[in-house]
Amino acid sequence: MNESPRRICPFCAESIPARARLCPRCRQWLSWRSLRHPMIQLLLIQVPLLVLVLLGFGQFLRIFQRLLDPQPHYTEASGALAVIRSTLNWVDTEKGPRLFVTGVLTNHSALAWRDPEFECRFFDADGNLVDAAHRTSFMTVKPADDPAFRVVIEPARPRDAYHALQVRVSWAKNARAFF
Ligand SMILES: [Zn+2]
């Protein structure tokens, strides 16, 4: 009988066929030259896959960032939107008195801006600041456009305290923002 040569498994000390790549007793891989070796599988398939997933995730984050937070911010383009005229009207509504601030905006920049926030300051006849409010107007202002706007404010003072008005745009969203 021609018995095939045998050797001792270095892991379980059992006698196994000399050419075995996988110990039949303890299931330990004895050869590196097999695609089925768990370590080879990890290096050839799982590690490259993980790298691809991470690269894809980074790209996804960049696209997401561009949609959520496009550059430049309004703070870097300050003065892009300017109020060219504004008027203040006192209106007695059924919910009580309201200040209606109506005006016209202009866009000096080459970018479109969205949802401008207006800072309104109110002064009495002596020029003292008597009230202030920030209001957002949901609109898009395209380059070289000059749309009208109106914001409504609940007055904190009696009617004769409101003598003069000053309005400026304090903030706006880059119109390329997704939200
Ligand atoms: Zn073994």
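## A pair of strands to start with

N89 sits across from F100 in β4. The two strands involved, β3 and β4 (residues 96-107), run antiparallel and share 12 bridges, where pairing calls for at least two bridges found by DSSP. Strands here are DSSP runs of E with at least two residues, while helices are runs of H or I with at least four, and both are numbered from the N terminus. A hairpin with two residues links β3 to β4.

## What you are looking at

This is a predicted model, in which local features need pLDDT of at least 70 and side-chain atom pairs count only at pLDDT 80 or more, while totals for chains, interfaces and linings use all residues. Residue numbers start from 1 along each chain, following the sequence as written.

The protein chain splits into domain 1 (6-68) and domain 2 (76-174), with bounds that come from an automatic or database domain assignment. The C-alpha centres of domain 1 and domain 2 are 65 Å apart.

## The helix

Helix α1 covers residues 38-68. Its 31 residues should span 45 Å at 1.5 Å a residue, and the end C-alpha atoms lie 42 Å apart, which agrees; the expected span is 1.5 Å times one less than the number of residues. At Q46, α1 bends by about 30°, and a proline, P48, follows within four residues. That bend is the angle between axes fitted to the seven residues ending at a residue and the seven starting there.

How many of the residues of α1 are buried? The count is zero out of 31, and α1 is hardly covered. F64, which belongs to α1, is exposed because it has 11 other C-beta atoms within 10 Å. From F64 to W32 it is 32 residues in sequence and 42 Å in space, C-alpha to C-alpha.

## The nonpolar core

The largest nonpolar core holds 17 residues, and L81, W113 and F118 are among those with the most contacts inside it. Such a core is a set of buried Ala, Val, Leu, Ile, Met, Phe, Trp, Tyr and Cys residues joined through C-beta atoms within 7 Å. β4, β5 (113-123), β8 (148-153) and β9 (164-174) each supply at least two residues of this core, and β5 gives the most, with four.

Setting aside neighbours within four places in sequence, L81 has contacts that include L105, W113, V141 and A172. Contact means that the C-beta atoms, placed from the backbone, lie within 7 Å. F118 stands opposite R135 in β6. β5 and β6 (residues 129-136) run antiparallel, joined by seven bridges.

Most residues other than glycine have a negative phi, and most peptide bonds are trans. A13, in the loop between β1 (6-8) and β2 (15-17), has a positive phi near 60°. A13 counts as exposed, with 10 C-beta neighbours inside 10 Å. D115, in strand β5, is not a glycine either, yet has a positive phi of about 45°. D115 is partly exposed, since 15 C-beta neighbours lie inside 10 Å.

Where is the cis peptide bond? It joins Q71 and P72, with omega about -5°, and P72 is in the loop between α1 and β3.

Note on methods
Buried ≥ 20, exposed ≤ 12 C-beta atoms within 10 Å, placed from the backbone. Contact = placed C-beta atoms within 7 Å.
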